[in-house]
Amino acid sequence: MDARWVKKNGVNHYGYKNSICIDVDHGFIRRYAVTPANIHDSQMLPQLLDPENEHDYVWADSAYSGECFEDLLSLGGFESLIHEKGARSNPLSEASKELNRIKSAIRACVEHVFGCMTMSMGGKMTRRIGLARTDAWWGLKNLTFNFLRYLQRTSGLAAVASH
């Protein structure tokens, strides 16, 4: 009912998106937002910002670059570590490219969450009808990821403590 079409990399997709905010230190999902697939990821940034997070850095890809996002982050007391975006008339310098590579190493933590969901949690495909049901389904899936992440961290800590 609420699902929409979107074209990404030349492939059409129908459904919803799960946008997440994770804790960079521990890898837990702190906040999430579920939207129809045609809503651009950058529109979810205000819902994903977590003022209770101990870090005030925001790591994001260049889809979130722009003066309006910088103003929003500054207003909320966050420090922007968003990728820089080049343009045809103004390509990125080598220094900016290197800085983006460094930022990508941190941002990869988000991709690991979706990789885990795809490889070991039955994938990202949902067959729910309606945004409310899909939101509840993603909420449970995100919570399950956090439980698995907790178990992974505590079992790793127990192994380290025993040596």
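**Exercise 1. Work out whether Trp-59 is buried, partly exposed or exposed, then describe its ring pair.**

Step 1. Trp-59 has a relative accessibility of 31%, so it counts as partly exposed. The classes are set on relative accessible area with a 1.4 Å probe and protein chains only: buried is under 20%, exposed is over 50%, and partly exposed lies in between.

Step 2. Tyr-57, at 40%, also counts as partly exposed.

Step 3. The ring centres of Tyr-57 and Trp-59 are 6.4 Å apart and their planes stand at 55 degrees, so this pair is tilted. Rings of Phe, Tyr and Trp (its six-membered ring) pair if their centres lie within 6.5 Å; planes under 30 degrees apart are stacked, over 60 edge-to-face, and the rest tilted.

A note before you go on: this is a predicted model, in which local features need pLDDT of at least 70 and side-chain atom pairs count only at pLDDT 80 or more, while totals for chains, interfaces and linings use all residues. Residues are numbered from 1 along each chain as its sequence is written, and side-chain values use heavy atoms, leaving out hydrogens and water.

**Exercise 2. Find how many aromatic pairs the structure holds, and describe the one formed by Trp-5 and Tyr-14.**

Step 1. There are four aromatic pairs in the structure.

Step 2. Trp-5 and Tyr-14 make a tilted pair, with 5.0 Å from centre to centre and 50 degrees between the planes.

Step 3. Trp-5 is exposed, at 57% relative accessibility, whereas Tyr-14 is partly exposed, at 48%.

**Exercise 3. List the order of helices and strands in the protein.**

Step 1. Count them: four helices and five strands. Both are DSSP runs numbered from the N terminus, with helices (H or I) of at least four residues and strands (E) of at least two.

Step 2. Starting at the N terminus, the order is β-β-β-α-β-α-β-α-α.

**Exercise 4. Identify which elements supply at least two residues of the largest nonpolar core.**

Step 1. The largest core has 13 residues, and those touching the most other members are Ile-20, Ile-22, Ile-29, Val-113, Met-117, Trp-138 and Phe-145. A nonpolar core is a set of buried Ala, Val, Leu, Ile, Met, Phe, Trp, Tyr and Cys residues joined through side-chain atoms within 4.5 Å.

Step 2. At least two residues each come from strand E2 (11–22), strand E3 (29–36), helix H3 (94–120) and helix H4 (131–162).

Step 3. Now look at Ile-20: beyond its neighbours within four places in sequence, its contacts include Ile-29, Leu-48, Val-113 and Asn-142. Contact means heavy atoms within 4.5 Å.

**Exercise 5. Describe the lining of the largest pocket.**

Step 1. This pocket has a volume of about 1,600 Å³. On a 1 Å grid over the protein atoms alone, a pocket is an open set of points where a 1.4 Å probe fits, with protein on both sides within 12 Å along at least five of seven lines; lining residues have an atom within 4 Å of a point. The points are joined across faces, edges and corners, and the volume is the space filled by probe spheres set on them.

Step 2. Its lining has 48 residues, with Asn-18, Ser-19, Ile-20, Asp-41 and Phe-114 nearest the centre.

Step 3. E2 gives the most, with ten residues.
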